[in-house]
Amino acid sequence: MNHTLQDLRASLHQLDGNGYGAYKRLKGTYDAGSFDLVIDHVQSDPYAPPSALRVILPLPKTSVPAEAVDGRRRCIAVADFLARDITGLLCGCSYRGLGMTKPGQEILERTSVVVTPRTIEVRMSASLPAAGRRIKGRAAAHVLTDDLPELVQRSAMLDGMDVPALEDHVNQYLDQRALQDQLTERGLVSFVGDGSVLPRSSGDSDLPLRSGVPFRSPEAFRETFDLPSGRQVTGMGVRQGITVIVGGGYHGKSTLLRAMERGVYPHVGGDGREWVLTAPDAVSIRAEDGRSVVGANISPFISNLPSGTDTSRFTTTNASGSTSQAANLAEALEVGTTLLLIDEDTSATNFMIRDPAMRALVPAGAEPITPFVERVRPLAEEKNISTVLVAGGTGAFFRVADHVIAMDTYVPSDVTDRAHEIAATFSTESETTPTAAIFGEEHRRVPHHDALSPSDKKKPARGRGRESIQLGRQDIDLAYLAQLVDSSQTQAIALCLEAMARNLDGSRDLVEAAAQVTSLIDREGLDALTGRGSPRGDLAQPRIQEVHAAVSRYRKLKLR
Ligand code: ADP
Ligand code: MG
């Protein structure tokens, strides 16, 4: 390397007043003393997406202690700490022009800051300034050769480091992951720590409600965990099997379930949900009418449609409430999950239950839907899949529930015995009790080798915000995936679809194809998704469940 930051400054001064395209010459690596600056990509005009830079520091020259980066989990936590520190500095107005993707409340492996035992790499964007279509070289020099070095110096990578705060952050993350690792051996599917603040400050914010009533576990479900840092956490353990959450309207049922669904990810300190942890493969299941379904096996729930359609390979461009919910469940089973999370608020009633009056009027033979209440026990018994279900409007699940939790003014209590007594006094006529296994081996859905490479595709798939991926001319709608929490995950899923498109060979099924790319990420990190392209700072790790959900919603998916 032979260019320094002084050379960059001189070049920028020279470029002042030139046509904007001349900025392209800046691509390259510059020695900035305490760090290397790499300019990977230069925007082609002032309105194009900003230019991409990396700041690279050898770890021993930073303020991050070597012990803090021992192992992958620690590296993720340190990277998260630095990303929050740097985005915090950037959100003031002193560094206009520089940007970085901002982490939300979850702690995810991401590429905005990549920490290894050898280096710290920070990936940022810079909007290179222009007057009309002319280069403002002095202003650009200010951004890149004054502001940027100052930001790096002030950040926690160097002068701004608070080692005890870093250690707290890392230990808390390790404790959360350790608690999550222990759930299964303790017979639990989820845990909600005492003192957690579950409600959010508003419907469009993921920050805690300041006046929220702290969570208090009922004695019957109380569990204590001893965690690696020496911390002890007590709270409510949600056991394997079938748990129903009941309670009056507005008493906090959905809020509790939503916290559990986010508990597949660790949370940042101060979030209120730090000690809410859930089986990492849990899937929220809801109705999603209008979605596309391709070849899903919904036959355990829906069969004998009047049209004669085969529901073991069900395809529709416009699913109804109940068929969409059945497809969501079938796909969750296909990709593998140990826990289903279902809220009555977002469910199709006819998918969930059928009351005695309706059974009397419409005979079972004339009804294609076998409601979930008839299937939840076979799921648990045949496939070991637990369910946590919110039901405020129906007692139909009492007789199949292992545990019933009542929410009263945001405080849970154990009402299992009472619910069982009540269920026994009502007639419990169910539809024909199944004798044979209902949930057989999963059907494999095998796409054609070119199923994800449509002819209308000119550009690689890309994420658009959190909720959508553009693949060719199609938009894949991900709005209803409750556990897709970050637009950087959506970007990564878009790249996963690209990798899957390359790997499909006409014999690999969708789950195998998704697993191939998610295990590549596990082995080699998110940068494996970009291959030889320039490194990106806008990716975060998705779960296989959401990768599989995205491909399942692609409207042009063609199966063999
Ligand atoms: P339900 O599903 O039982 O009808 P919700 O979970 O939707 O109730 O909660 C109703 C309202 O109460 C929401 O505005 C929510 O933010 C608020 N809320 C939930 N839990 C708490 C709590 N622990 N403290 C304060 N407010 C809460
Ligand atoms: Mg609700």
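Start with Ser254: this residue is buried, with a relative accessible area of 14%. Keep in mind that the model you have open is predicted.

**Stop 1**

Trace both residues back to their elements. Ser254 sits in helix α5 (residues 253–262) and Asp345 in the loop between β17 (339–343) and α7 (349–352), so the pair ties together parts that are 91 residues apart in sequence. Color by accessibility next. Asp345 counts as exposed, at 55% relative accessibility, because the cut-off for exposed is over 50%. Ser254, at 14%, is buried.

**Stop 2: the loop between α3 and α4**

Select Leu158, which is in the loop between α3 and α4. Is Leu158 buried or exposed? Its relative accessibility is 10%, so Leu158 counts as buried.

Asp162 is partly exposed, at 39% relative accessible area. Together with Asp162 they form a surface patch of negative charge.

**Stop 3: salt bridges**

How many salt bridges does the structure hold? The count is 35. Side chains of opposite charge can pair when their charged atoms come close.

Select Asp181 and Arg73. They form a salt bridge, with the closest N and O atoms 3.0 Å apart. Asp181 belongs to helix α4 and Arg73 to helix α2 (residues 72–90), so this pair ties together parts that are 108 residues apart in sequence. Both ends are partly exposed: Asp181 at 44%, Arg73 at 29%.

Move to Arg123 and Glu121. Their side chains meet in a salt bridge of 2.9 Å, N to O. Here both partners are buried, with Arg123 at 6% relative accessibility and Glu121 at 12%.

Next, select Lys457 and Glu498, whose salt bridge spans 2.8 Å from N to O. Lys457 is in the loop between α10 (416–425) and β21 (462–464), while Glu498 is in helix α11 (residues 487–503); this pair links distant parts of the chain, 41 residues apart. Glu498 is buried, at 13% relative accessible area.

**Last stop: a network**

Finish by showing Glu106, Arg200, Asp206, Arg262, Asp271 and Arg273. Salt bridges with shared partners join these residues into one network.

Methods: Residues numbered from 1 in each chain as written. Chains lettered and ligands numbered in written order. Predicted model: local features only at pLDDT ≥ 70, side-chain atom pairs only at ≥ 80, totals over all residues. Heavy atoms only, no water. Patch = residues over 30% accessible without salt bridge, like charges linked within 9 Å, V, L, I, M, F, W, Y side chains within 5 Å. Areas by Shrake-Rupley, 256 points an atom, 1.4 Å probe, with all protein chains shown as cover. Salt bridge = Lys/Arg side-chain N within 4 Å of Asp/Glu carboxyl O. Lys, Arg positive; Asp, Glu negative; His and termini not counted. Charge placed at Lys NZ, Arg CZ, Asp CG, Glu CD. Buried < 20%, exposed > 50% of the residue type's maximum accessible area, 1.4 Å probe, protein only. Helix = DSSP H or I, 4+ residues; strand = E, 2+ residues; numbered from the N terminus.
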